[in-house]
Amino acid sequence: RLLRLVRIMKLIKAVPTLRVLLIGLIKSMKSMFYVFMLLMLLFYTYGILGIYLFSSNDPVHFGNLGLTFITLMMVATLDNWEDIMYISVNGCSPTNE
């Protein structure tokens with residue numbers, strides 16, 4: 001395994017453009033962390049709002065903060081968001097009938 005790491009390091013030294021890209025990626029990690037924290041703050045805010053607005057209508061997706069985070073991620077990535085939309089529009093029973 002250590003030999004694989006040495007091969008990768010040789011490749012980085014051999015290709016200067018790859019080295020520039022990796023250095024830029026490493027230097028941008030601090031900024032990406034701030035963007036991630038801002039996104040988590042927005043998700044937290046909208047998660048609390050979603051719990052207050054939709055938990056009585058859809059406890060499956062908005063029952064607690066963890067479920068709400070997953071639901072917000074589903075909507076943000078457009079993964080099966082239409083099911084959440086139809087449940088929010090039409091409503092659902094707490095027993096999931």
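In which helix is T68 found? T68 is found in helix α5, where helices are DSSP runs (H or I, at least four residues) numbered from the N terminus. This is a predicted model, in which local features need pLDDT of at least 70 and side-chain atom pairs count only at pLDDT 80 or more, while totals for chains, interfaces and linings use all residues. Residues are numbered from 1 along each chain as its sequence is written, and side-chain values use heavy atoms, without hydrogens and water.

F43 belongs to helix α3.

| Residue | Relative accessible area | Class |
|---|---|---|
| F43 | 11% | buried |
| T68 | 0% | buried |

Contact means heavy atoms within 4.5 Å. Leaving aside neighbours within four places in sequence, F43 is in contact with F69, L72, M73 and A76. With that same exclusion, T68 is in contact with G47, I51, H61 and F62.

**The largest pocket**

A pocket is an open set of points on a 1 Å grid over the protein atoms alone, where a 1.4 Å probe fits, with protein on both sides within 12 Å along at least five of seven lines; lining residues have an atom within 4 Å of a point. The largest pocket has a volume of about 180 Å³, the volume being the space filled by probe spheres set on the points. Its lining includes F62 and L72. Helices α3 (29-54), α5 (65-76) and α6 (81-90) each supply at least two lining residues, and α3 gives the most, with five.

Terms used: Buried means under 20% relative accessible area, exposed over 50%, partly exposed in between (1.4 Å probe, protein chains only).
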